Amino acid sequence: MMIRPASEAELAEQIAGQKTPLSLRGGGTRAPFYTAGELLDLRGLNGVSLYEPAALTLIAGAGTPLAQIGAMLAGEGQRLGFEPPDFTRLLGREGGSTLGGIASENASGPRRFQAGAARDHMIGLRFVDGNGVITRSGGRVMKNVTGYDLVKLLAGARGQLGVISEIAFRLQPLPETSATLVLHGATDPEALMARALASPFELCGAALLAGQPGAPFSLFLRLEGFAPSVSYRLQRLRDLLRGAAEIEEITDPAQSEALWRRIRDLEDFAAHALVISAAIRPARLAACRAALAEVEGHDVIIDQGGGLLHLALRAPEPGEAAAALQLLQDFCAGEGGHARLVKAPPGLWPLVSPRQPEAAGLRALSQALRAKFDPRGLFNSGAPL
């Protein structure tokens, strides 16, 4: 069965009377459909309730498609600055990401190290807790400091503390132009990225595409802003890295944007059967990539600024897939990070821990929060999320 409320009031009424667990779903582009409970489809909670371009403020329902919001904002020369990814193509699914799904995952892209994560752009929200009570946190301006910061708490909670019904975002103006420097064939790409990021040239993207250690790779460095500034910084960055690699410039903004969309959405991994994402400190990404030497036939995308490493295998055996996930989770456990499955054959999900197992102290805190916000254990309680 499927429940699809058309309003926040209907959602609250449904949750208040619910007797069995619920499996929350927005656009269906992130979580696997291997969850226990009745399906709660949130796409009916859509639409923009307030948009003030002059105030850089947007309020919309959690079920509103990301693509719709992106098109509307672009028409006013604005954007969501945290660059949310959309894994529709990666997972081979129809539809598209929703604002609620992005907020629930705190999903952020390569611009994160400069602009912040999704939670840093969420200035308010409304949600329904496990008792069917509607709660509002934050407001329409960044200076709102009343009450507890539940916005930060629910961002990334994967729907386990409450069902987000509406979100308020602060927006960014679109830059006048953007450009990307592509480097091929350097012997130490991580060192080059570190040098570029430590420069005064205000990068807003740094990514590495690579295969096995020693295999060819491509390094991407992005700049945005006013055209004269971008042109100057691009040339200075090129001078800084000259001689360390073969350098290519992409100065067409449309081409640069398409390239970073491909990196952000992991489009190169659409044909791979297994994708694992690890979030760790950027300074430890090189060590993480080195630890993958024993994983045969893998490809890697490293989002240096975002502190993300994405590992992909084309057609691994179940044992190989499980071993690769375990290797990354073991590495992350010692680094204070976390690794999770993003894409895998259906039979693998029940055999592994799709998300990083929590340390004892964190697990106790998480359980206490869930008991407070969802005392009946309705939300994604049996989900491999």
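Local features were taken only where pLDDT is at least 70 and side-chain atom pairs only at pLDDT 80 or more, whereas totals for chains, interfaces and linings use all residues of the predicted model. Residues are numbered from 1 along each chain as its sequence is written, and side-chain values rest on heavy atoms, with hydrogens and water left out.

The structure holds 2 aromatic pairs, where rings of Phe, Tyr and Trp (its six-membered ring) pair if their centres lie within 6.5 Å, planes under 30 degrees apart counting as stacked, over 60 as edge-to-face and the rest as tilted. Phe82 and Phe169 form a stacked pair, with 6.0 Å from centre to centre and 25 degrees between the planes. This pair links distant parts of the chain, 87 residues apart, with Phe82 in the loop between strand S6 (78–79) and helix H3 (88–91) and Phe169 in strand S9 (residues 163–170); helices (H or I, at least four residues) and strands (E, at least two) are DSSP runs, numbered from the N terminus. Both Phe82 and Phe169 are buried, a term that denotes under 20% relative accessible area, with exposed over 50% and partly exposed in between (1.4 Å probe, protein chains only). The rings of Phe127 and Phe373 have centres 6.3 Å apart and planes at 45 degrees, so this pair is tilted. It too links distant parts of the chain, Phe127 lying in strand S7 (residues 122–128) and Phe373 in helix H13 (residues 360–373), 246 residues apart. Phe127 counts as buried at 1% relative accessibility, and Phe373 is likewise buried, with a relative accessible area of 14%.

Strand S7 is largely enclosed by the rest of the structure, because 6 of its 7 residues are buried. S7 pairs with S9 in the antiparallel sense over 6 bridges, two strands being paired if DSSP finds at least two bridges between them, and the bridge partner of Gly124 in S9 is Ala168. S7 also pairs with strand S8 (residues 134–138), in the antiparallel sense over 5 bridges, and here the partner of Phe127 is Thr135 in S8. S7 and S8 form a hairpin with 5 residues between them, and Gly132 in the turn has a positive phi of about 85 degrees.

Strand S18 (residues 338–343) is also largely enclosed by the rest of the structure, since 5 of its 6 residues are buried. Strand S15 (residues 274–279) pairs with S18 in the antiparallel sense over 5 bridges, and the bridge partner of Ile276 in S18 is Leu341.

Open space was examined on a 1 Å grid over the protein atoms alone, on which a cavity is a set of points where a 1.4 Å probe fits but cannot get out, a pocket is an open set with protein on both sides within 12 Å along at least five of seven lines, and lining residues have an atom within 4 Å of a point. The second largest pocket has a volume of about 690 Å³, and of the 27 residues that line it, the closest to its centre are Arg79, Leu174, Glu257, Arg261 and Arg264. A search of the whole structure finds 2 cavities of 30 Å³ or more. The second largest cavity is lined by Arg30, Phe87, Glu105, Arg340 and Val342, and has a volume of about 30 Å³, a volume being the space filled by probe spheres set on the points, which are joined across faces, edges and corners.
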